[in-house]
Amino acid sequence: MTLPSTPPRTQSQDELYDATLAELGGALGRLARSYEDDLDKRQDLLQDIHLALWRSFLSFDGRCSLRTWVYRVAHNVAASHVVRHRRLRTRLVGLEAIDMLPGDSDTEGSVDRQLMVERLYTLIRRLRPLDRQIVFLYLEGSDAAAIGEITGITAVNVATKINRIKKLLARLARSGGSYDE
Amino acid sequence: MSEREIDEVRAAWQEQPVMPIPVARAQNLSIAVEQIDARARQAAGLLTRARYATILGLAIYFPIAAWVVTTLDTGAERFGLALATIGALSLAFQVNVHVSRVRADMARVDAQPTLDAYLALLERHRAFFIGRQLWLRMLTLFPALLIAFGIQLREDPHDSASVAGMGVVLILALAMYIQSHRQARRVDEDIREARVLAAEMP
């Protein structure tokens, strides 16, 4: 089942939820993991996201695409989760400061895809919610226009941030042995 | 920077195993009820702690008041202190009565966990924080303290301690008013949520 871009108003809450599950179920799991490292808390977060989505579909009026709606609701829930559970000494940083993150210079040994993904999660979880949202959407395959629509930031800002994200991802790919060409 | 490298990272990201969804839609309502239940119990726990704090506060207040009354020279000062004491007792009484009622509500919820039972409990919480009960609390506690300091200030217009005391009382009154309304808004959100759920329930 694919997500309709502008579903008719008659679409029921259940139909919207089913479409979301089919199309974005996996992405929502990855989103939860981007915001929460602990498995139990992550399951709670994912549960909260699904609950919030299901309720939100009552008021979904089709003025934006369902995908945009789903990502906005999910990020809002996840960002609230971060605010509630953030450890006092954990300092979130912006994309511009990602060079300073620990472990980034560690190129010893081979890093397989799984490890690379793990490392990506670690990096994402250190980012401020907006940057975290942008990196996540980029990794999920959203283009600049879609990212701008979901996050509400300008195209210029999105382009700048995507450029930084690309550099980060390239560096990450190069640091993994199995990715060295 | 190579697009291929980036595409590989994005592919690795998107090909991760899908995390199982912990809830099915059919369970959503019961989970929402569980969340309300958890919040209601948390609020009841807070109130119980508030009762202990009030008892502790009175245990500290009375010996101090008993000592202060021996140092007062005039009947007016003693009158002010008496009013403050009545205010403190009134506050303790309100908290105590409310906690007892909430406990009775929780017992009803335990016996029959319906949304109506939760709504009754939540509405009792809200009534505690705003409206008649809040004003009763504020009017029995703060004016008495203001009168007590005012009497002292009338007798000694240069008594800076009394001026500071009045300032503290006004700040405390404002803080109680703001905090009570904040709590009431939180309870309001829970009530709205419970009503939406009640409407959604089959």
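This is a predicted model: local features need pLDDT of at least 70, side-chain atom pairs count only at pLDDT 80 or more; totals for chains, interfaces and linings use all residues.
Residues are numbered from 1 along each chain as its sequence is written, chains are lettered from A, and ligands are numbered from 1, in the order in which they are written. Local features need pLDDT of at least 70 and side-chain atom pairs count only at pLDDT 80 or more, while totals for chains, interfaces and linings use all residues.

**View 1. Chain A is built from helices.** There are seven helices and zero strands in chain A, so helices and strands here are DSSP runs (H or I, at least four residues, for helices; E, at least two, for strands), numbered from the N terminus. Of its 181 residues, 34% count as buried, meaning that 20 or more other C-beta atoms, placed from the backbone, lie within 10 Å of the residue's own. Take the contacts between residues at least 6 apart in sequence: 66% of them join residues at least 24 apart. A contact means C-beta atoms, placed from the backbone, within 7 Å.

**View 2. Helices α1(A) and α2(A) cross.** The axes of α1 (residues 13-35) and α2 (residues 39-56) of chain A come within 10 Å and cross at roughly 150°; axes are lines fitted to C-alpha atoms, for helices over the stretch in contact, and angles run from 0 to 180 degrees between N-to-C directions. That makes α1(A) roughly antiparallel to α2(A), the word for angles over 145 degrees. On the α1(A) side, the residues that meet α2(A) include Tyr17(A), Leu28(A) and Ala32(A); among their partners in α2(A) are Leu45(A), Ile49(A) and Trp54(A). The residues of this contact divide into nine nonpolar, three polar and two charged. Ala, Val, Leu, Ile, Met, Phe, Trp, Tyr, Cys and Pro count as nonpolar, Asp, Glu, Lys and Arg as charged, and the others, Gly among them, as polar.

**View 3. Helix α4(A) meets α1(B).** The axes of α4 (residues 113-125) of chain A and α1 (residues 3-14) of chain B come within 10 Å and cross at roughly 90°. So α4(A) is roughly perpendicular to α1(B), a label for 65 to 115 degrees. Here Arg113(A), Met116(A), Val117(A) and Leu120(A) meet Val9(B), Ala12(B) and Trp13(B).

Key. Angles under 35 degrees count as roughly parallel, over 145 as roughly antiparallel, 65 to 115 as roughly perpendicular and the rest as oblique. Two residues are in contact if their C-beta atoms, placed from the backbone, lie within 7 Å. A residue is buried if 20 or more other C-beta atoms lie within 10 Å of its own, exposed if 12 or fewer, and partly exposed in between; C-beta atoms are placed from the backbone.
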